[in-house]
Amino acid sequence: MMDDPAWQPLHDELLRWARAGRMAEFWLRDDDAVEPTAALDRSLDLTAKHAIPLTLAVIPAHTGDALAARLSREGHVSIAIHGWAHENHALAAEKKQELGPHRPRQVVLGDLARGFARLSHLHGERALPLLVPPWNRIDAGLVSELDRLGFRALSVFGPPKPASIPLINSNVDVMDWHGTRGCRDHVLLVVEIVAQLRRAFGGGDPVGLLTHHLVHDEAVWSFMERLFEVTSLHRARWRSPPELLAKP
Ligand SMILES: [Zn+2]
């Protein structure tokens, strides 16, 4: 494993953590689940094999009993509320948003309450009070209302920002959305993970890996497998959202 130069910076960084007696932390968010598929099986099997807690962002309006039944035997999976229908309400010239300022606030909040209730009904305790806005975007005016709906955390993409609710952000996206629509270059992904680990060393967020199982190419799966192997080798910890929230 030490022979691949692309991964050497990660080995080096994790060795630095180990020498300092520190525990590097990661978490995994996999978006857009609605039903059992071969790609979902692959994500579940890969994470189970490596004992990685998986947070699956499920789209409430389009999911049902089949996914709940499939996940009922997967002890390492928790569910996040992925908006309501993953429907874009923004104008054509804008970035896509379901939870933007385009509809009356009460309508959007009603969707979120409905989504939370539906996934709680389908998945029980496994449905976390964690909102993952579609396209990682939510109108700032809605965030202060989330607590009232029962949400206890919000997960978008990028650096932490001040918010009235705890943020558990993803910060490394494996997908090249605007180019190949496959996996980004492994070398660049390793560089990003190392940069996030350096921020984490100084008190920043843990590494939040963002995946989308439905659109992975082979290079994404092989990247994930190698990352799980390298982090395991160095005894880094993969956390669930409740574990991250429980931290002082
Ligand atoms: Zn999504």
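Q: Helices (H or I, at least four residues) and strands (E, at least two) are DSSP runs, numbered from the N terminus; how far apart are R226 and E229 in helix α7?
A: R226 and E229 are three residues apart in helix α7, so about one helical turn separates them. The model is predicted, with local features needing pLDDT of at least 70 and side-chain atom pairs pLDDT 80 or more, while totals for chains, interfaces and linings use all residues. Residues are numbered from 1 along each chain as its sequence is written, and side-chain values use heavy atoms, without hydrogens and water.

Q: What makes R226 and E229 a salt bridge?
A: A salt bridge requires a side-chain nitrogen of Lys or Arg within 4 Å of a carboxyl oxygen of Asp or Glu. The closest N and O atoms of R226 and E229 are 3.7 Å apart, so the pair meets the definition.

Q: Why is R226 called partly exposed?
A: Buried means under 20% relative accessible area, exposed over 50%, and partly exposed in between (1.4 Å probe, protein chains only). R226 has 22%, so it falls in the middle class. E229, at 29%, is partly exposed as well. Through salt bridges that share partners, D4, R226 and E229 are joined into one network.

Q: How many salt bridges does a search of the whole structure find?
A: The search finds 15 salt bridges. One of them is formed by E25 and R239, whose closest N and O atoms are 2.6 Å apart. E25 belongs to strand β1 (residues 25–33) and R239 to the loop between β8 (237–238) and α8 (241–246), so the pair ties together parts 214 residues apart in sequence. Both E25 and R239 are buried.

Q: How do you know that E218 and R42 form a salt bridge, and which parts of the chain does the pair link?
A: The closest N and O atoms of E218 and R42 are 2.8 Å apart. The pair links helix α7 (residues 218–233), which holds E218, to helix α2 (residues 38–49), which holds R42, across 176 residues.

Q: Why do E218 and R42 fall into the accessibility classes that they do?
A: E218 has 52% relative accessibility, so it counts as exposed. R42 has 35%, so it counts as partly exposed.

Q: What makes strand β1 largely enclosed by the rest of the structure?
A: Nine of the nine residues of β1 are buried, so the strand is largely enclosed.

Q: How do you know that β1 and β8 pair?
A: Two strands pair if DSSP finds at least two bridges between them. β1 and β8 have two bridges, so they pair, in the parallel sense. Here E25 stands opposite R237 of β8.

Q: Why are D32, H82 and H86 called donors of the zinc ion?
A: Donors are N, O and S atoms within 2.8 Å of the metal (3.2 Å for Na, K and Ca); water is not among the atoms, so sites may look incomplete. D32 (OD), H82 (NE2) and H86 (NE2) lie 2.0 to 2.1 Å from the zinc ion, so they qualify. Along the chain, the spacing of the donors is D-x49-H-x3-H.
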